[in-house]
Amino acid sequence: MSKARALSGIQPTSGSFHLGNYLGAVRQWVELQSTHDTYYCVVDLHALTGGVEPAKLREATLASAAQLIALGIDPDKSTLFIQSHVPAHNQLGWIMECITGFGEAGRMTQFKDKSSKNGSDRTVVGLFTYPMLQAADILLYQPQYVPVGEDQRQHIELTRDLAQRFNTTYKEIFTIPEGYILKAGAKIYDLQDPTAKMSKSSSSTSGIIELLDTSEANTKKIKSATTDAGREVTYDEVKKPGISNLLTIHSAFSGRTIAELEAEYEGKGYGDFKGAVAEVVTSHLDPIRKRTQELLQDKGELTRLLKVGAEKATIAADATVRRAYDAMGLIPRG
Ligand code: ATP
Ligand code: MG
């Protein structure tokens, strides 16, 4: 039997991924490679919704691909590609826009969050239609699973609804995908504001642990993470969101349970614990940063790998667009 397919994407909205991207998403992507037929893409078209500087976007797109490889995505095992290299994403994106209700799109909390931060004059229409393009990104490849962080749950639900709607209205074309969301590490919070998720596009990077930042900078950020009143290192998401976030991060890297960590730091206070978190995080990120830098030194090879991925992705994606066009009554060119 052929392997089930999994697909996911990440935006090149920053030169570096952060801990949430890794622990909530990419770590699972790497694991799935041995059991699934995996497709992973750098969704550069989505990054345009945030307003970009062209030079920065170019750099961030290649840095994203390099980081994925450094984190363990193997271009021989996975189809690794850049979204804008496969025009079928825009083609199916339009189809998805044409079957989505305006009110339905308006209920997406990520749109509400991001647009309220920027104000309506600086919010582009693309940010509103983003979940429909994302539905197309997914449905084009007919995956069974979509490994993402908790913040993407609502978008995956919309994707399922749109696939079902298309299948019942026109023709059974789309596989209904399932989100693949972990329990632990699926939402990593900003170290300065532990009630907000860590985000690449945050206005301040002071609470973001970036994979490509130096160990010194990351240690400093962890040591100055907002913590809560009290001294005990105990997990309590409501009363101690800051310490709970650090416990989640330590546990995800060290493989030790939260209970073990609580027992070890009993009576020791926050300072010792933060030092240990900094140590476990930077020792894991060090080799990833070095490997990314090496990969970025050979941009020709990186571009070649991405071309191979795009060619493979195009075959799968074009086949889906042809079937969707036909089902909706668009006639083939002949
Ligand atoms: P942006 O702020 O530009 O939206 P982002 O940090 O949210 O960037 P995305 O590229 O939108 O990152 O998402 C890539 C993957 O990382 C998605 O699967 C998303 O669910 C996951 N992810 C993003 N932030 C977190 C987080 N704080 N904790 C866990 N997973 C996260
Ligand atoms: Mg995001």
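Predicted model: local features only at pLDDT ≥ 70, side-chain atom pairs only at ≥ 80, totals over all residues.
Trainee: In which sense do β1 and β2 pair, parallel or antiparallel?
Mentor: Two strands pair if DSSP finds at least two bridges between them. β1 spans residues 5-10 and β2 residues 37-42, with 6 bridges between them. Ile10 stands opposite Val42 in β2. The sense is parallel.

Trainee: Which hand does the β-α-β unit of β1, α1 and β2 have?
Mentor: A crossover is right-handed if, with the strands pointing away from the viewer, the path from the first strand over the helix to the second runs clockwise. Helix α1 covers residues 19-32. With β1 and β2 it makes a unit that is right-handed.

Trainee: Which residue of β3 is the bridge partner of Cys41?
Mentor: β2 and β3 run parallel, joined by 4 bridges. Within β3, the partner of Cys41 is Phe81.

Trainee: How many residues of β2 are buried?
Mentor: Buried means under 20% relative accessible area, exposed over 50%, partly exposed in between (1.4 Å probe, protein chains only). In β3 (residues 79-82), Thr79 and Phe81 on one side and Leu80 and Ile82 on the other are all buried, so both faces are covered. β2 is largely enclosed by the rest of the structure, because its buried residues number 5 of the 6.

Trainee: What separates the C-alpha atoms of Met96 and Phe166?
Mentor: Met96 is found in helix α4 (residues 88-97). Met96 is buried, because its relative accessible area is 0%. Leaving aside neighbours within four places in sequence, its contacts (heavy atoms within 4.5 Å) include Met132, Leu162 and Phe174. Phe166 is 70 residues away along the chain, yet the C-alpha separation is 8.8 Å.

Trainee: What is the volume of the largest cavity?
Mentor: On a 1 Å grid over the protein atoms alone, a cavity is a set of points where a 1.4 Å probe fits but cannot get out, a pocket is an open set with protein on both sides within 12 Å along at least five of seven lines, and lining residues have an atom within 4 Å of a point. Grid points are joined across faces, edges and corners, and a volume is the space filled by probe spheres set on the points. By this rule there are 2 cavities of 30 Å³ or more. The largest has a volume of about 50 Å³.

Trainee: Which helices each supply at least two residues of the lining of the largest cavity?
Mentor: The lining is Gln110, Phe111, Lys114, Leu127, Tyr130, Pro131 and His155. The helices asked for are α6 (109-118) and α7 (125-139).

Trainee: Why does Thr123 count as buried?
Mentor: Thr123 lies in the loop between α6 and α7. Leaving aside neighbours within four places in sequence, it is in contact with Phe111, Ser115 and Asn118. Thr123 is buried because its relative accessible area is 16%.

Trainee: What value is phi of Gln142 near?
Mentor: Gln142 lies in the loop between α7 and β4 (145-147). Gln142 counts as buried because its relative accessibility is 17%. Most residues other than glycine have a negative phi. Phi of Gln142 is positive, near 55°.

Trainee: How far apart in space are Lys268 and Phe128?
Mentor: Lys268 is in the loop between α11 (258-264) and α12 (270-297). Lys268 is partly exposed, because its relative accessible area is 41%. Phe128 is 140 residues apart from Lys268 in sequence, and the C-alpha to C-alpha distance is 48 Å.

How values were computed:
Residues numbered from 1 in each chain as written. Chains lettered and ligands numbered in written order. Heavy atoms only, no water.
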